[in-house]
Amino acid sequence: MAAPATEHVRNIVLVGQDGAGKTSLAEAMLYVSGKTPRMGTTHDGKSYLDYDPEEIKRKFTINTSVAPIPYKDYKINVLDTSGHPDFIGDTLASMQAAEMALFVVDAVAGPQVMTTRLWREAEDMRLSRAVYINHIDRENANFDTAMASLHARFGTRLGAVTIPMGVDKGFKGVIDVIRMKAHYHNATGTDDSVEEIPEEFMEAAMAARDKLCDLVAEADDELMMKYLDGEEQLTQAELESLLDKAIAQELIIPVFVGSTIIMQGVLNLMEDIVTYFPHPRSHGRFRQMSDGVTIPIDETKRPSAFVFKTASDPFVGRLSFLKVLSGYLEPGLELINSRTGKKERLGKIQVMMGKEPVDVKSAKAGDIVVVPKLTETRSGDTLSVEGDIAIEPLELPEPLYPVAIEAANKNDEDKLGTFLARVAESDPTIRLVRDDQTHQTLLYAMGDTQVDMILSRLKEQTGVEARLVDVKIPYRETIRKTAEAQGRHKKQTGGAGQFGDCWLRLEPFPGGGYEFLDEIKGGVIPNGLIPAVDKGVQEAMAEGFLAGFPMVDIKCAVFDGSYHPVDSNEMAFKQAARIAFRAACEKANPVILEPMATMDITIGEEYAGAIMGNITTRRGRIIGTDAGEAGETIIKVRVPYAEVIDYTKDLRSLTRGSGSYTIEIDGYEDAPHDVTKKLVADYEAARAAGN
């Protein structure tokens with residue numbers, strides 16, 4: 001396919017709930033265009049776009065696939081995205097690269113949770129939207145009910161541009177409301193019979209057209225005034241000339257209908273995509289990080305491109321998905337990464353057809369291409385000739401679901417670390433952390449499905465098996481009373497022995513961490529041995545007293561002791577300090593501190609009662625509530641971190657996937673008796689087992 005002119009490119013991202021038929025719509029468009037010899041299907045693992053073994057196994061889209069579809073003399077880049085909440089980061093990144101979000105909605109189920117969430121995201125991006133009501137031939141499908149639910153959820157600017165002739169088993173074709181014609185598609189969807197609208201559907205067609213004209217007329221002020229005054233109706237020419245402008249200005253959100261399985265309504269959709277949907281130059285949404293100025297899509301400018309997605313291929317290596325912002329990209333071109341300041345050479349320029357790369361000679365502004373093996377480039381980077389263009393990165397949701405991963409075979413730890421680092425580098429919704437306090441490798445993800453997929457790919461691509469272990473909560477220990485104790489260490493081994501003797505006083509030191517005081521008078525302990533006492537105390541604090549957790553907020557003073565001129569040394573006084581510290585702790589009312597989290601939980605008002613009750617069962621406190629910008633309820637809570645470390649799963653269950661939250665560890669509080677008792681028992685059992 002030759003590089004198309006910018007005006008002849010359409011970048012369409014398919015979004016919506018899993019199961020609505022996004023992939024089957026893309027597969028139908030590929031087949032109707034002649035790009036593929038058969039209709040790819042997901043349920044039997046023969047999809048061109050859902051080709052990943054994990055996608056075949058799970059039967060839903062995980063990674064965004066790009067399908068470059070030729071139609072007439074246009075190129076439609078269809079980005080087929082995941083509707084699963086664990087993979088929303090990839091979906092949002094793909095939305096950033098498109099000019100139109102086409103929401104695929106099931107005719108029976110209507111708009112569901114992920115549809116609503118992604119709709120709000122599209123609104124925030126100022127991304128033009130359209131809807132395709134799919135599966136109109138299913139049992140219990142009802143077009144009027146589906147439209148009513150869309151209007152209730154997303155407002156009255158949705159207007160049907162195609163309506164069905166019949167529903168359920170009676171569905172036989174669609175009516176093109178713009179051109180007022182009836183289309184009866186053949187069994188392959190590649191051709192149709194265009195006829196006059198049957199009398200039985202004329203009233204519904206006229207009502208839909210009147211609604212369409214009402215919305216489109218707002219795109220022209222003068223025409224709108226005449227239209228409102230009843231002087232004239234929109235002519236066919238006026239309707240067709242204003243529709244693309246009305247869509248770009250979000251005055252109308254066009255709604256299509258059909259069935260991808262029997263390929264009805266797909267040809268109408270493709271015709272209207274190239275005729276009325278915005279092209280890349282019609283409105284730019286990429287802004288400079290430095291000044292917020294919009295970067296226009298312009299092939300006459302010097303080359304630049306934005307990396308909206310990266311992927312790791314086990315055979316090819318890193319693949320960078322680029323939206324060309326300006327100029328032409330050609331193999332061999334050198335561009336500078338604005339983040340690193342380093343040059344990157346474009347060895348190849350490719351378009352992806354599912355998993356199959358096809359080399360192209362060039363790509364013009366507005367197009368979407370893939371470049372392999374850009375070693376220093378990652379998602380969100382900008383490449384340009386001078387390195388002076390840096391696009392504002394998309395704010396992606398924070399991964400809040402931590403899991404601790406370790407290799408089943410200790411010899412595979414390095415392979416595991418390398419693989420996880422590569423995953424985190426290619427997916428911004430994955431965060432890899434080595435916790436120095438708990439000595440665990442923590443993977444923060446969007447949910448357990450994403451984690452499960454990563455472990456499956458690890459085994460498939462590297463042969464390494466890994467297991468999940470309990471995430472260690474960073475408990476602490478401290479004391480609540482002042483206490484004194486002596487530590488005496490004496491050991492005789494035939495030659496020079498060991499002797500150390502010190503008295504320590506421990507005091508609570510809230511918020512102070514640790515402070516060591518030298519109160520020795522008269523040289524009862526030589527100055528050169530005082531640091532050994534300090535070191536012994538710190539080692540004992542690191543080991544904990546009750547359950548092996550580090551101790552904090554303690555002021556320790558050494559105030560008395562004795563020494564032997566021959567047998568006293570640093571080792572002896574360090575050991576004496578440890579003995580004294582533990583003896584003092586026993587009398588100082590030691591306690592375990594549990595980390596506390598503050599959370600803002602954003603939900604629909606109907607879920608507020610359930611969430612408040614659930615937080616209470618987790619020993620949490622409701623601090624207050626606020627109203628969100630989109631009418632949601634924000635519940636502010638303070639709760640033990642251990643009780644909500646896996647809250648992602650429970651919140652989805654309680655809110656049917658619609659809730660979200662932020663979380664931050666914010667201080668420590670005394671753990672209750674039952675928690676302390678269990679932690680101590682677990683520690684004693686582990687010690688008895690030699691762990």
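Predicted model: local features only at pLDDT ≥ 70, side-chain atom pairs only at ≥ 80, totals over all residues.
Local features need pLDDT of at least 70, side-chain atom pairs count only at pLDDT 80 or more, and totals for chains, interfaces and linings use all residues. Residues are numbered from 1 along each chain as its sequence is written, and side-chain values use heavy atoms, with hydrogens and water left out.

View 1. Helix α11 covers residues 448-462; helices (H or I, at least four residues) and strands (E, at least two) are DSSP runs, numbered from the N terminus. After the helix comes G463, with a positive phi near 80 degrees.

**View 2. I76 in the largest nonpolar core.** This core (buried Ala, Val, Leu, Ile, Met, Phe, Trp, Tyr and Cys residues joined through side-chain atoms within 4.5 Å) has 111 residues, and I76 is one of those touching the most other members. Beyond its neighbours within four places in sequence, I76 is in contact (heavy atoms within 4.5 Å) with residues including R10, M29 and V274.

View 3. Look for D106 in strand β4 (residues 100-106). D106 is buried, with a relative accessible area of 6%. A polar contact (N or O atoms within 3.5 Å; within protein, one must be able to donate a hydrogen and the other to accept it, and residues adjacent in sequence count only if both atoms are side-chain atoms) of 2.6 Å joins the side chains of D106 and H135. The D106 side chain also reaches the backbone nitrogen of A109 at 2.8 Å.

Methods. Expected span 1.5 Å × (residues − 1). Buried < 20%, exposed > 50% of the residue type's maximum accessible area, 1.4 Å probe, protein only.
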